Protein chains: 2
Amino acid sequence: MSPRADVSIDLGDRSYSIQIGSGLLGSPDIFAGLPKAGAALIVTNTTVKPLYAQRLRDAIGARYAKVHEVVLPDGEAHKNWETLNAIFDALLANACDRKTVIFALGGGVVGDMAGFAAASYMRGVPFVQVPTTLLAQVDSSVGGKTAINHPLGKNMIGAFYQPLQVVCDLDTLHTLPPREFSAGLAEVIKYGPIADMAFLDWIEANVEALMRRDTAALAHAVRRSCEIKAHVVGQDEREAGLRAILNFGHTFGHAIEAGLGYGEWLHGEAVGCGMVMSIELSQRLGTVDRAFATRLTRLIERAGLPVRGPALGPDRYIELMRVDKKAEAGEIKFVVIDAPGHASVRGAPDALVRDVLAATCG
Amino acid sequence: MSPRADVSIDLGDRSYSIQIGSGLLGSPDIFAGLPKAGAALIVTNTTVKPLYAQRLRDAIGARYAKVHEVVLPDGEAHKNWETLNAIFDALLANACDRKTVIFALGGGVVGDMAGFAAASYMRGVPFVQVPTTLLAQVDSSVGGKTAINHPLGKNMIGAFYQPLQVVCDLDTLHTLPPREFSAGLAEVIKYGPIADMAFLDWIEANVEALMRRDTAALAHAVRRSCEIKAHVVGQDEREAGLRAILNFGHTFGHAIEAGLGYGEWLHGEAVGCGMVMSIELSQRLGTVDRAFATRLTRLIERAGLPVRGPALGPDRYIELMRVDKKAEAGEIKFVVIDAPGHASVRGAPDALVRDVLAATCG
């Protein structure tokens, strides 16, 4: 077992900790701080269940008289109302009450849906994130954003709802398919240009170690990512301002996902490519130089991510970005790198956005 | 215009005021404190739209460049995901952003759905309650409970989400059908036995004035109801304890609604009958005497409400009540009158509940 690292999210009475390490999932001690309840519900998917559901059951079995389970289809294409409703059906069919603890065991899609179900069932029940993908460990399980997609836009329906605890077992990353692992690296890389250039240097120096899933490298990447996210979320839980910088690459990325149909590209792949587009935009806005844009693009490519966008056509990109949550009164908002290690949210002239799309797509 | 009364809900940075009076709906001044935004969305239903939508549009038209509208089918039977989704569709089709203000114009069903849509759209947009039924003015528009129904239980999926403002225009009560008006009186009567015996005395003395919709009587009933609700919600926003007393009559009432199919009985009718059952239970538990139970039942009857429950059979009642949100580990919880003017939440032996159902149903 590698040394365990804990990261705290400081949100007053909604504070919680993120445990990061090897061998955590099967350890009852890890879950010892959770409230007592008659029942728990594990929300997982068809891919993760055979790998890790029994391990989690063994760890929490002594705490709850009944441990129910709902197994969702795998993939972003299923992050919709119909699948969410399968969670409500399971809760109600098992007469789960307000104290029932929901465990999200899986990647970002499972976490988003289990979290929104927990936020909404009886107007809120306790929940725990047990992320099993790199993307979920470094980003989506932390900070309380939950949502489902709408055909017209990603994450359009959801809630800010904090978990009681996040348990990141690094061992689960060893079963992740290469495409999914790379998708997670996109969100790791993200933290460099927006907040921490030393971390970007470290990722560049360690990307091969990460790609071969070296435990010490993974531990550092997950911990530092969670620290940066915790710092940002602690200052701006509900995204009144600062928190929006965590969406670097996401305005373009969400358009790619919605435009191709959810699930065609993985979220992290779309974000990786979206970061290439965003750094191109930043460079054309004059805030970073060409060398920095090239450097970031090169790292994204080394992480096994796409660096050219699908040829949806600029009109379609712009139409999709106009309904992004960050848009205001029809003006598309982009996270732009002001200077290496600093980001802000701003609009950009349509013509410039079209130039960026022309340079980075197809 | 009758004198305007304001009641404040004190919830820290989520505090707001309830304005109560005649002629408020068409007055732009009433809405002067709302935040600026590019767009507003009025959520209403097919019954209320022809009566009041234009008046609200006139009042808020100068504040928003665009005022969109979504018109839902009328009735509790439509308080489901499908109808909720019609609100999301309207928001997205009109490219509504995070600052869009949602106005709920209608009764409890419209308020619950518009409120949950506001809580969930882009993880939360501002909203305003403009209740046009007595039930919504005295109860459901105040306190931030929003929800939709699930086939297995009422209000099972929702959020605690406070409005920015509640505007109770007493004039709208004059177009309310008698059945709906009586249903609202159930929630007015409720406040007496749980919290304020002087108010119960006043209702008994003024029930005929209320039934003929005397403006001064309505103003007092709405104001005092809102004051009591504001006091309770201010102490326990998320129903950790005290707030549950506001559900007097609701454990039995929800079973009636779910058992008959939503919309067969109005919510307030089911609550009225549920209070008869609950006071019968209280009497059999020995906390109030027969005279008090008879007195309350008589008042409920005078308000035009049913005092005998439908013959669902005791097994079905009990099955439905076991999935009520207040149930814990399968134990049904009832709001019981401890003494006139005081209530608490407790369990009761199944045999006693069966006796109550036998005495009050069919």
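Reader: Which conventions apply here?
Author: Residues are numbered from 1 along each chain as its sequence is written, while chains are lettered from A and ligands numbered from 1 in the order in which they are written. The model is predicted, and local features need pLDDT of at least 70, side-chain atom pairs count only at pLDDT 80 or more, and totals for chains, interfaces and linings use all residues.

Reader: How many residues of chain B are in contact with chain A?
Author: The size of an interface is often given as the accessible area lost when the parts come together. Here residues are counted instead, two being in contact if their C-beta atoms, placed from the backbone, lie within 7 Å. On that basis, 31 residues of chain B are in contact with 31 residues of chain A. On the side of chain B that touches chain A, at least two residues each come from helix 2 (81-93), helix 3 (108-120), strand 7 (145-150) and strand 8 (153-160) of chain B. Strand 8 of chain B gives the most, with six residues. Helices (H or I, at least four residues) and strands (E, at least two) are DSSP runs, numbered from the N terminus.

Reader: How is chain A divided into domains?
Author: Domain bounds come from an automatic or database domain assignment. Chain A has domain 1 (5-175) and domain 2 (190-360), and their C-alpha centres lie 26 Å apart. Between them, 30 residues of domain 1 of chain A are in contact with 25 residues of domain 2 of chain A.

Reader: At what angle do helix 9 and helix 10 of chain A cross?
Author: Axes are lines fitted to C-alpha atoms, for helices over the stretch in contact, and angles run from 0 to 180 degrees between N-to-C directions. The axes of helix 9 (residues 267-285) and helix 10 (residues 290-302) of chain A come within 9 Å and cross at roughly 175°. Helix 9 and helix 10 of chain A are therefore roughly antiparallel to each other (angles under 35 degrees count as roughly parallel, over 145 as roughly antiparallel, 65 to 115 as roughly perpendicular and the rest as oblique). Among the residues of helix 9 of chain A that meet helix 10 of chain A are M275(A), V276(A) and I279(A).

Reader: Which residues have the most contacts inside the largest nonpolar core?
Author: In soluble globular proteins, nonpolar side chains tend to be buried together. A nonpolar core is a set of buried Ala, Val, Leu, Ile, Met, Phe, Trp, Tyr and Cys residues joined through C-beta atoms within 7 Å. The largest has 241 residues, and those with the most contacts inside it are V43(A) and V43(B). Leaving aside neighbours within four places in sequence, the contacts of V43(A) include V70(A), I87(A) and F103(A).

Reader: Is F31(A) buried or exposed?
Author: A residue is buried if 20 or more other C-beta atoms lie within 10 Å of its own, exposed if 12 or fewer, and partly exposed in between. F31(A), in the loop between strand 2 and strand 3 (39-45) of chain A, counts as buried because it has 23 C-beta neighbours inside 10 Å.

Reader: What is the phi of A95(B)?
Author: Most residues other than glycine have a negative phi. A95(B) has a positive phi of about 50° although it is not a glycine. A95(B) counts as partly exposed, with 19 C-beta neighbours inside 10 Å.
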